[in-house]
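Please keep the viewer open as you read.

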Amino acid sequence: MTQTMYDHILDLLQAEGVDTLFGIPDPSFFGMFIEAERRGMRIVSPHHEQAAALTADGYFRMTGKPAVLCMNKGPGVANVMAGANFMMKENVPAVFIMANRQRFYEQKVRRGKMQYMSQPPLFENTVKYTGVIEYPQQTDEIFHEAFRQALSGVPGPTYIELPLGVMQAKFEKKPALAPDRYRLVHQRADAQSIAEAKALLEGAKSPVLLLGQGGFVSRAHDVLTELAGKLNCPILLSNAVEAILPGMEARTFNYSSPVGAEIAGQSDVVLAIGTELGEALNYGRGHSWKPGNETRKWIYIERDADAMGVNRPIDVPLVGDLRDVVPQLNKALEGVSRELPAKLPEWTKQRDDAKQALMDAIPTTSMPIHPGQVPIVATKVVPEDSILIRDGGGASMWASALVQFTPRDSMWSSNWGAIGNGLPMAMGAQLAVGDKRRAVLLTGDSAFLFHISEIETAVRKKLPIICIVSVDHAWGLEAASYKANFGENTSTPEARWSNEVRLDKTAESFGAHGEYVERLEDLAPAVERALASGKPAVIHVEVDQMASSTFEGVPGFTEFRAWFGEEGDFLGVPGVAPEAPSGSGSATENSSGY
């Protein structure tokens, strides 16, 4: 019995548990899409290839499944480059199947070849692996290597080129290999390292559990909650995370906060999970970690052995997949008893008082609406189990500090620092959970306008996302940066646009639910109507343009600038750059950004 190339590829994908394909219809993939649909797989076709990658990202973060994208030859492949970069920086395991014309064209000496370019060289620094199927019999090994590389070590995207010349191939049908037959699917730490980690944690006076986004996108909530319960210590969240493990609200703090700084500085043992210990965590050695840095011990769970000791020395490396290693630790720590730190109520009160003080300082005038009031009012009425997606500049910072429900899942562009990803990511998250939960996006208009056409995709796929958009008709923080550098009277070239933009009407034109809000008292009812509509919804909230174009009062701004840790990165906003500190450049006071 024979099967077509696309039949065979779908067998390989389904063996990996892939149930959704992302991409725009094109003759290169017509046969594959029809057969995938017949098999009960989902096809998701946004209006732009970059949006397809971002939607796939949101889907991965809520399922833990690798993303598969089918990209059309030439311009389609070129369009998705930004999405591939995003996935590489955000550590998203993805397999891009890139169509191309026949290999005959690779060395053909002609000008003006239609929809053709040599594609693999463009992705050399963007993906973990590039494979070109020159001959049909290479198909299995190239797909296996693509998944092996995407899911091994630090996750990331891989590239498979599928030229038209091999798409007509026929195969003798045989079962596709299960993943555990050709790659490592479980990665446990060695017993000696587990024993060393246990000894350090048992002997610690002030241990800290440092959690990154990897713990959440791995869907490891349950085992991490069990571990946190055994350790009975403070939990510090990396800047990538707003989500909190169930029942751990009273002991969870943002690293980038005054309380987080105190907890980090007094800690003697850190157990780091699901994080690269990157620049925004000051590499685990600068800024808030400086007090006690010479004597503090670090336990690090990381799949990539080559990452150990790069950003900081590691005392106990637990090389393995956190989904396998955390259960090992839980078993090792059975019977270990530890009291919660005596200062925990004080830290919790400091955290809550600081949030309340910030809320109290924000004007409550009806018009204009202060941007800080948007997350305060809007998120009081969303379901408690909502998925939080945030995007943009100032709007994102206000959202991070002032959201009023406790998210169990959250996402934003924490590593790449991009904007415009929020709407597609919200769609991907909603695809993953169906109608069981709601994806709630808090964003600004500058970010939302990047992929506004995807509202139609949300309508077509019946994704009831709620998009709450703070609209100041500007690149708000860029306007603030102009003023900080060149004075209040600067012309802020191209930082502002028409006040006639109406996102609610645009949403309605796509078939979504639209709301326009310019008075604070109307915001909560608008969100409630949007939720009740059961449709994708866009709530256009007019916010104070003056409050949106200043750094004054923006929560977390000082810490944000401290994320950039290298000398020479300072842009002098606001004010004059401090003198470069002496030493090796590891100090983080000399910060960058706006």
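## A parallel strand pair and its sheet

Strand 9 (residues 207-211) pairs with strand 10 (residues 235-237) in the parallel sense, over three bridges. Strands here are DSSP runs of E with at least two residues, helices are runs of H or I with at least four residues, and both are numbered from the N terminus. Two strands count as paired if DSSP finds at least two bridges between them. Leucine 211 has leucine 237 in strand 10 as its bridge partner.

This model is predicted, so local features need pLDDT of at least 70 and side-chain atom pairs count only at pLDDT 80 or more, while totals for chains, interfaces and linings use all residues. Residues are numbered from 1 along each chain as its sequence is written, and side-chain values use heavy atoms, with hydrogens and water left out.

Now to the sheet: six strands form an open sheet with parallel pairing, in the order 11-10-9-12-13-14.

| Edge strand | Residues |
|---|---|
| Strand 11 | 252-254 |
| Strand 14 | 316-319 |

On average, neighbouring strands of this sheet are turned by 20 degrees against each other, direction ignored. Helix 11 (residues 322-332) lies across strand 12 (269-273), strand 13 (297-302) and strand 14, and runs at about 135 degrees to strand 13. Such angles run from 0 to 180 degrees between N-to-C directions, with axes fitted to C-alpha atoms, for helices over the stretch in contact; contact means heavy atoms within 4.5 Å.

## Inside the chain

The largest nonpolar core has 50 residues, of which Leu69, Met87, Phe96 and Phe448 touch the most other members. A nonpolar core is a set of buried Ala, Val, Leu, Ile, Met, Phe, Trp, Tyr and Cys residues joined through side-chain atoms within 4.5 Å. Buried means under 20% relative accessible area, with a 1.4 Å probe and protein chains only. Apart from that core lies another, of 35 residues, including Leu227, Ile273, Ala332 and Leu333.

Which residues does methionine 87 touch? Leaving out residues up to four places away in sequence, its partners include Ala53, Asp57, Leu69, Phe96 and Pro157.

## The whole chain

Finally, the wider view. The chain has 22 helices and 20 strands, and 57% of its 594 residues are buried. Its C-alpha atoms fill a box of roughly 70 × 65 × 50 Å along the principal axes. The structure holds zero disulfides, a disulfide being a pair of cysteine sulfur atoms within 2.5 Å.
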